[in-house]
Amino acid sequence: PIVPSALVALGIVDRAVMRKVAFLFPGQGSAGRGAFLQFRETVADFAHALAGAGREGRADYASRLWPESGLAETPDRDSVLQPATVALSLALARLWLKLGIRPDAVAGHSLGFYSALAVSGALSETDALNLVTRRAECFDALAPEAAGCLLALSADEDAVRELVARAPVMLHVSNVNSPSQTVVALRTPDLQAALRFFESAGVGSRLVPVGWAFHSPLVRPAA
């Protein structure tokens, strides 16, 4: 079979144009407002995956995501957001697998690497969630002065590295998302100066909704 029949039946793909399936798992920056509340209502396995994240004395993520008053926004702390993001990815992967959709390959972007490892079988879901939980706790333990941010720039890596070399503030190339998007990391106090610099250079920029300058020397104390 070239394409799982479930994908064709759901109208997601055309059998004639798609020959293999890959699962690509997102990172922390993809968590939008209300995402977890939405999937709580539609993906039953999400709650099960969260329970797995709470094993071995870890926090009760379900109660922290959805207190009795109800939470319709993304939680702020990495120690909640990162395990919840991976738990949601694993729950959605389980849903696809139940539909008979099995990937020929898996990959993950940043935090999504742990989801990919679990779905590939390289790690158990429990081990992946426990690793992510410990990783997130290390970030939460960073001193406030270590806070940083990420900017996604509409430019290729070479162009961004040239801009970084002459920027008025310290910048670090953090991720190369695609041939036309490169992410830089910086200290939070330098954000406004950086935004003005990229605007003057005619480069589009977007603040990534995360609390730290991931994939840069600025978070080395968390290692």
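1. Pro-168 lies in the loop that runs between helix α8 (157–166) and strand β4 (172–178), where helices (H or I, at least four residues) and strands (E, at least two) are DSSP runs numbered from the N terminus. Pro-168 counts as exposed because its relative accessibility is 59%; the cut-offs for relative accessible area are under 20% for buried and over 50% for exposed, with partly exposed in between (1.4 Å probe, protein chains only). Although Pro-168 and Ala-194 are 26 residues apart in sequence, their C-alpha atoms are 7.4 Å apart in space.

2. A word on provenance: this is a predicted model, in which local features need pLDDT of at least 70 and side-chain atom pairs count only at pLDDT 80 or more, while totals for chains, interfaces and linings use all residues. Residues are numbered from 1 along each chain as its sequence is written, and side-chain values use heavy atoms, with hydrogens and water left out.

3. Four strands make up an open sheet in the order β4-β5-β3-β6, with antiparallel pairing, two strands being paired if DSSP finds at least two bridges between them. Strands β4 and β6 (205–208) stand at the edges with a single partner strand each, so one side of each has no neighbour in the sheet. Direction ignored, neighbouring strands of this sheet are turned by 30° against each other on average; axes here are lines fitted to C-alpha atoms, for helices over the stretch in contact, and angles run from 0 to 180 degrees between N-to-C directions.

4. Strand β5 (residues 181–187) is mostly covered, with five of its seven residues buried. On one pairing, β5 meets β3 (residues 148–153) in the antiparallel sense over six bridges, and Leu-153 has Thr-182 in β5 as its bridge partner. On another, β5 pairs with β4, again in the antiparallel sense, over five bridges; Asn-175 stands opposite Val-183 in β5, and a hairpin of two residues joins β4 to β5.

5. Strands β3 and β6 run antiparallel and are joined by four bridges, with Ala-152 standing opposite Arg-206 in β6. Helix α9 (residues 191–200) packs on the sheet and touches β3, β5 and β6, its direction making about 10° with that of β3; contact means heavy atoms within 4.5 Å.

6. Elsewhere, Leu-95 is found in helix α5 (residues 78–98) and counts as partly exposed because its relative accessibility is 37%.
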